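Q: I am new to this structure. Please take one part and walk me through it closely.

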Amino acid sequence: MSETHAITVEKVLPYPPERIWRTLTKSELLAKWLMPNDFEPVVGYHFTFQTKPMGDWDGTVHCQVLQCDPPRLLRYSWKGGSDSNTDYGSRLDSTVTWTLTKVEQGTHVSMMHDGFVFPGNQFAFNVMGQGWGKVLDTIARVTAEDEAAVSGRSSAA
């Protein structure tokens, strides 16, 4: 019998939702904390992430924007892998949902990657769970770097 599982990570980051939203949705910033992509924050838009190929999988994650409510909610499908891969790179048909909530200290960021079907996706769940667990710190770093770059450009103008 198969079971479906989700990875959820949450953290308060010291930036307003608009800054976090920019880090989540600007393609070049998204590439700094996740993977190279051709993302655009438009409902219905099809895009890809590119990672290292594994076995019969070419490393392409096929996605589609399902919901986009700036700067509060972003949800996209996440499909990749190969039926012939039994561990990492196995077929995965899932969704990723980002929820941003303004709080006194900045923004409460919640990410849920849902749709891991066990036993087939258990290896991916374990590996990706570790990666997603670290990603909010990386998003904070990329947001800080972008904030400094934007501030530097505006003060030089």
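This is a predicted model: local features need pLDDT of at least 70, side-chain atom pairs count only at pLDDT 80 or more; totals for chains, interfaces and linings use all residues.

A: Thr143 sits in helix α3, which covers residues 122-156. Is Thr143 buried or exposed? Its relative accessible area is 1%. Buried means under 20%, so Thr143 is buried.

Now look at what surrounds it. Leaving aside residues up to four places away in sequence, Thr143 touches Tyr15, Arg19, Ile20 and Thr23. With Thr23 there is also a polar contact, side chain to side chain, at 2.7 Å.

Thr23 is one of the buried residues. Arg19 and Ile20 are buried members of α1 too. Pro17, Trp21, Leu24 and Thr25 complete the buried set.

Finally, turn to the cysteines. How many disulfides does the structure hold? The count is zero. Cys63 is in no disulfide, and the nearest cysteine sulfur, that of Cys68, is 14 Å away. A disulfide needs two cysteine sulfur atoms within 2.5 Å, so a gap of 14 Å rules this pair out. Cys68 is likewise in no disulfide, with the sulfur of Cys63 as its nearest cysteine sulfur. Their surroundings can be read from accessibility. Cys63 has 3% relative accessibility, so it counts as buried. Cys68 has 22%, so it counts as partly exposed.

Note on methods: Residues are numbered from 1 along each chain as its sequence is written. Side-chain values use heavy atoms; hydrogens and water are left out. Helices (H or I, at least four residues) and strands (E, at least two) are DSSP runs, numbered from the N terminus. Buried means under 20% relative accessible area, exposed over 50%, partly exposed in between (1.4 Å probe, protein chains only). A polar contact is a pair of N or O atoms within 3.5 Å; within protein, one must be able to donate a hydrogen and the other to accept it, and residues adjacent in sequence count only if both atoms are side-chain atoms. Contact means heavy atoms within 4.5 Å.
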